Amino acid sequence: MKTSLLRRAAAVLLTTSLTAAAVPGTAFAAPAASASAVAASKVIVVTSSQAPLPAPKTAAAPGYNSMTLVWPAFGDVGRWEVRYGTRADFVGAKIEEKVNSRWIGGLTNATTYYIQYRALTPVKGQPWGTWNRSPWSATLKTMTGANYPGAFTPLKTKGGTDSITVSWNKTAYTTHYTVLVADNMAMTLRPRTYRNITGTSFTIKNLTAGSRSSYPTFIRVQAHNKTFKTRTSSRITAYPAAPGVRGTETLTVASQNLLCASCKLSGISVPHWNTRKMTHLRTIKAKNPDVLLLQEALNVNIPGTRNTKAMTDFQGHLKKAGYALDRTPEKAGTQQYVNRIAYKTSKYTLLKRGTFALPVAKGEDQRGAAWALLKSKKTGKQFYAVSFHVSPKLPVKGAVSKTSTMQLIEKRMKAINIRKLPVVSGGDMNSSFYVTPSNLPHEAMIKAGWTDTASSAAKTDFLYPTTNSFKKQQKSTFGRIDYIFTKNIAGTVSYENVLDIDRNGRLRSTPASDHNMVLAKVKLK
């Protein structure tokens, strides 16, 4: 029996050497082995003192998660083994047995892999599955293809104080994200970029247009793979949280550019003042503001009459409705200030009033702002009301401009309001979101500590423009040029752009002016 085992071991070694010799350029030399070791296992591991097999190659550019390999044919090799992994030392590498296929799959997108193969030759005279294994080949280092990141579902946002948190779905084939932020829809105004975000949410802090501004922030998210192939989400419009509301006494304020009795609009048929006057009065009665800030309250003759003054007549109607004006309408002339303040006489007492000049363009009539100090008859609380009208002919910025006009209002009211009482200020600013390079007059007010009442959490028809041209309204335009600002008042209860339109934006009734009334509710301290 002992002699028989030795003879079988010798036969196996002879067969191995003959098989190795049949492999061109390679000799699989068997190590010394005892007869008992050979008899104990069907697997015979063979090493070589020759150079290793050449590294495999890829048949084509690697795919995103698979690749096909090629290597030379060797003699009567029956099978092959391939090992591959992401470490050069092959720790944790996967090993697969191959016959005809050279394909490996289940790989990770845009990832570097290390790959080797070795030959398996059958041992003659032994049961099938007893192999001689060559040493591992030289190493192929290659990277899988970088697939484009997967699709985004709609972004989600949540507003915080002067901040917005944006979140998104985890996209396929993605290693990191970039968040793009800007203050206009073209994503060109004050763009900010936040890179190398590995999670699926990000909080944008210290917004240029913060909680008090009512202005939107525009956001996109980009998904990247390792080679920076990029997929970009759709743009989303987001707002920070509304400022918190504090106070005990509700105050409702409206601002209305009346479109003066004698004013005309190019290419537009404007109804007669007597018709528009009654519409104004119906709107005032319906909305019932405590304070009404008026612009274009020009005391000219009503067209078609000889001596009936528009604002003197309007003052009489307001008195019947329970309102008084801050001052008796002046006679028509270039020196009059056509902004006025109406207030409910049942609720408030007029303590002080005044006007101050505003910048004008060359050749324009004098403009001025009106202010009044009012006192609540119920609680004794005092506050200032201001009505302004910025010249449409001024440039947006400069020493004499729309921006400097708003800065002057801030400066004058700061000097008047030395006790830092609450202030409501409203009017036609003739500047909107679409002004280039940006709505600088608005930004000047926010920077000075004012709050745009449209930042309220409760808003009605906020996205419509505040001008109508007696035509159909277009939603989502950010076309507001009429504003109500507050100072020393915490938050806004509600804001409304007063419109009578159907669901398609068509006017259901003829407006009283080419400007809509804007209405805000606040709370006094």
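Modeller: Gladly! Let me start with one word we will need: contact means heavy atoms within 4.5 Å. Please also keep in mind that this is a predicted model.

Biologist: Then what covers the buried residues of H6?

Modeller: The cover includes helix H5 (402–416), S26 and S28. The buried residues of helix H6, which spans residues 440–447, are Pro-441, His-442, Ala-444, Met-445 and Ile-446. Just after H6 comes Gly-449, with a positive phi of about 100°.

Biologist: Why is Asp-452 called buried?

Modeller: Buried means under 20% relative accessible area. Asp-452 has 0% relative accessibility, so Asp-452 counts as buried.

Biologist: And what makes Arg-480 buried?

Modeller: The cut-off is again under 20%. Arg-480 has a relative accessible area of 4%, and therefore Arg-480 is buried.

Biologist: How do you know that Arg-480 and Asp-452 form a salt bridge?

Modeller: A side-chain nitrogen of Lys or Arg has to lie within 4 Å of a carboxyl oxygen of Asp or Glu. For Arg-480 and Asp-452 the closest N and O atoms are 3.0 Å apart, so the pair meets the definition of a salt bridge. This pair links distant parts of the chain, 28 residues apart: Asp-452 sits in strand S26 (residues 451–452), and Arg-480 in the loop between strand S27 (459–460) and strand S28 (482–487).

Biologist: How many salt bridges does a search of the whole structure find?

Modeller: The search finds 19 salt bridges. One of them joins the side chains of Arg-133 and Glu-81, at 3.1 Å from N to O.

Biologist: What makes Arg-367 and Glu-364 a salt bridge?

Modeller: Their N to O distance is 3.4 Å, and the limit is within 4 Å, so the pair qualifies. Arg-367 and Glu-364 are buried as well.

Biologist: How can anyone find empty space in a model like this?

Modeller: Rolling a probe the size of a water molecule over the atoms shows where empty space is left. Here the second largest pocket holds about 350 Å³ of space. Its lining has 18 residues, and the closest to its centre are Thr-279, Thr-283, Asp-500, Ser-509 and Pro-511.

Biologist: Which helix gives the largest share of that lining?

Modeller: Helix H3 (residues 273–287) does, with four residues. By kind, the lining of this pocket has six nonpolar, ten polar and two charged residues.

Technical notes
Residues are numbered from 1 along each chain as its sequence is written. This is a predicted model: local features need pLDDT of at least 70, side-chain atom pairs count only at pLDDT 80 or more; totals for chains, interfaces and linings use all residues. Side-chain values use heavy atoms; hydrogens and water are left out. Buried means under 20% relative accessible area, exposed over 50%, partly exposed in between (1.4 Å probe, protein chains only). Helices (H or I, at least four residues) and strands (E, at least two) are DSSP runs, numbered from the N terminus. On a 1 Å grid over the protein atoms alone, a cavity is a set of points where a 1.4 Å probe fits but cannot get out, and a pocket is an open set with protein on both sides within 12 Å along at least five of seven lines; lining residues have an atom within 4 Å of a point. Grid points are joined across faces, edges and corners, and a volume is the space filled by probe spheres set on the points. Ala, Val, Leu, Ile, Met, Phe, Trp, Tyr, Cys and Pro count as nonpolar, Asp, Glu, Lys and Arg as charged, and the others, Gly among them, as polar.
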